[in-house]
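Work through the exercises below with the sequence and the model open. Each task is followed by a solution in steps.

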Amino acid sequence: MSLPALTRYFRGAAIPARHLKPLDYALTCTGVAAAAPLIGRYLEPLGTLVAAGAWVRRNAPGSAAWLNGAAGQVSGRRRIPPRAGELQALTDVALTGLVAPDLPVASWPAPARRAPFLRARGLRSRYLYRSSVRYGEAPQQVLDVWRRRDLDGPAPVLVFVPGGGWLHGGRQLQGYSLMAHMAERGWVCVSVQYRVAPRHRWPRHIRDVRAAVAWTRAHIHDFGGDPRFVAVAGCSAGGHLAALTGLAPHDADFNAELASGSDPSVDAVVSLYGRYDWTDRSTRDRDEFVGFLESVVVRKSMKRHRDVFDNASPITRIHADAPPFLVIHGDSDRVIPVQEAREFVTQLQAVSTSAVHYLEIPAVGHGFDLTDRWGTQAAIETTSKFLETVRRNHNVRLNLQVV
């Protein structure tokens, strides 16, 4: 770890070197170590551990509440099951105006008997079609393709973006229930891995997601997918990236690493418990979150670089031509408060000419699609109905244009 390397790293810090804190020094050291030849890629997780520890320390009450709630949902001891038909009624209300009211109503099957993450291995073995397909040159730029073995394409496509606080961008566990459900219904699903902080600063995250979508448009026909309809979904940080992908398809900075002629646009967006505002410091929790972004993810101060934080906030990128949106959030989320989702949906509904729908699931918190079988079923049934309907409407418009 050379002095020049440390000097170059500190010059890019969010604050002057004389004001650096122990966290800044720790991130700097892990960043330089991760850049070392040959062994750097093995040391990169150290930075993630340091940054994750800082986040837990900053948000100790919320982290403790999340762990406690997740444990209760997995065990089932502290989870009161919803009344029969309760969640189905909520989803019907959430999709009002999108699904024709005269369509026959089918009852949901009984929810899975085990927590979603306990079923992950079986779902992966059944529906994973191709693993670690490269969509870029970086080691982290890989994706998995999920589909039925007997699929008769071309099939609509769902790109799934995992969460992880912009510190973890792996494909493990997240989205498995949703992708398995869509694959069984005849879709091709793509699960994306992307570069993350602190080794890779913002906007590398969103650039990778754009690259994955563009790759999907160009190559998914090789896997039985139809590039004419590509939707994107994501959870937590992945929800933020999915929303930003849908709202800012032509952002020059986000598309800076794309080849000429690439198409990173999407036809629909589903965001589960995502972040929508990187600038709001109105509460202690939101102020701590912005501080985390400044110290770890962006490595720049919002005071000096307000445009970076504005451009990274889906709530500031809302416009009339946004694609159809479905936003899903738990009303007991202690990591990303539900009010942030409500504010985003309200503003998007006021501006967008496309469908905007919102499902708020009672008694579930952050990451419920890993721990709560009832909330997971509500999310996947709503997402499935939303995407199938949007796709049908999309195909009708395409046929009209051809005629």
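A charge sits over a ring if NZ of Lys or CZ of Arg is within 6 Å of the ring centre and within 35 degrees of the ring normal. The model is a predicted one: local features need pLDDT of at least 70, side-chain atom pairs count only at pLDDT 80 or more, and totals for chains, interfaces and linings use all residues. Numbering runs from 1 along each chain as its sequence is written, and side-chain values use heavy atoms, with hydrogens and water left out.

**Exercise 1. Charges over rings**

Task: State which ring lies under Arg-373 and which lies under Arg-275.

Solution. 
Step 1. Arg-373 is placed over the face of Trp-374, 4.1 Å from the ring centre.
Step 2. Arg-275 lies over the face of Phe-289, and here the distance to the ring centre is 3.8 Å.

**Exercise 2. The chain as a whole**

Solution. 
Step 1. Helices (H or I, at least four residues) and strands (E, at least two) are DSSP runs, numbered from the N terminus.
Step 2. Buried means under 20% relative accessible area, exposed over 50%, and partly exposed in between (1.4 Å probe, protein chains only).

**Exercise 3. Salt bridges**

Task: Locate the partners of the Asp-144 to Arg-124, Glu-388 to Arg-185 and Glu-288 to Arg-284 salt bridges, and say how accessible each partner is.

Solution. 
Step 1. Apply the criterion: a side-chain nitrogen of Lys or Arg within 4 Å of a carboxyl oxygen of Asp or Glu. The structure holds 23 salt bridges.
Step 2. In the bridge between Asp-144 and Arg-124, the closest N and O atoms are 3.3 Å apart. The pair links distant parts of the chain, with Asp-144 in strand β2 (residues 142-146) and Arg-124 in helix α6 (residues 120-127), 20 residues apart. Asp-144 counts as buried because its relative accessibility is 2%, while Arg-124, at 27%, is partly exposed.
Step 3. Glu-388 and Arg-185 meet at 3.4 Å, N to O. Glu-388 belongs to helix α14 (residues 373-402) and Arg-185 to the loop between α7 (176-184) and β4 (188-192), so this bridge ties together parts that are 203 residues apart in sequence. Glu-388 is buried at 12%, and Arg-185 is partly exposed at 47%.
Step 4. For Glu-288 and Arg-284 the N to O distance is 3.9 Å. Both lie in helix α10 (residues 284-297), and because they are four residues apart, about one helical turn separates them. Glu-288 is buried at 17%, whereas Arg-284 is exposed at 55%.
Step 5. Shared partners also join salt bridges into one network, made up of Arg-195, Arg-204, Arg-207, Asp-208, Asp-253 and Glu-257.

**Exercise 4. Aromatic pairs**

Task: Classify the ring pair Trp-187 and Phe-229 as stacked, tilted or edge-to-face, then do likewise for Tyr-273 and Phe-368.

Solution. 
Step 1. A pair of aromatic rings is described by the distance of the centres and the angle of the planes. Rings of Phe, Tyr and Trp (its six-membered ring) pair if their centres lie within 6.5 Å; planes under 30 degrees apart count as stacked, over 60 as edge-to-face and the rest as tilted.
Step 2. The structure holds 10 aromatic pairs. For Trp-187 and Phe-229 the centres are 5.9 Å apart and the planes are at 85°, so this pair is edge-to-face. Trp-187 is in the loop between α7 and β4 and Phe-229 in strand β5 (residues 225-235), 42 residues apart. Trp-187 is buried at 0% relative accessible area, and Phe-229 is buried at 2%.
Step 3. Tyr-273 and Phe-368 are also edge-to-face, at 5.5 Å centre to centre and 65° between the planes. Tyr-273 lies in the loop between β6 (268-272) and α10, and Phe-368 in helix α13 (residues 368-371), so the pair ties together parts 95 residues apart in sequence. Tyr-273 counts as buried at 3%, as does Phe-368 at 0%.
Step 4. Ring pairs link Trp-166, Trp-202, Phe-254, Trp-278 and Phe-289 into a cluster.
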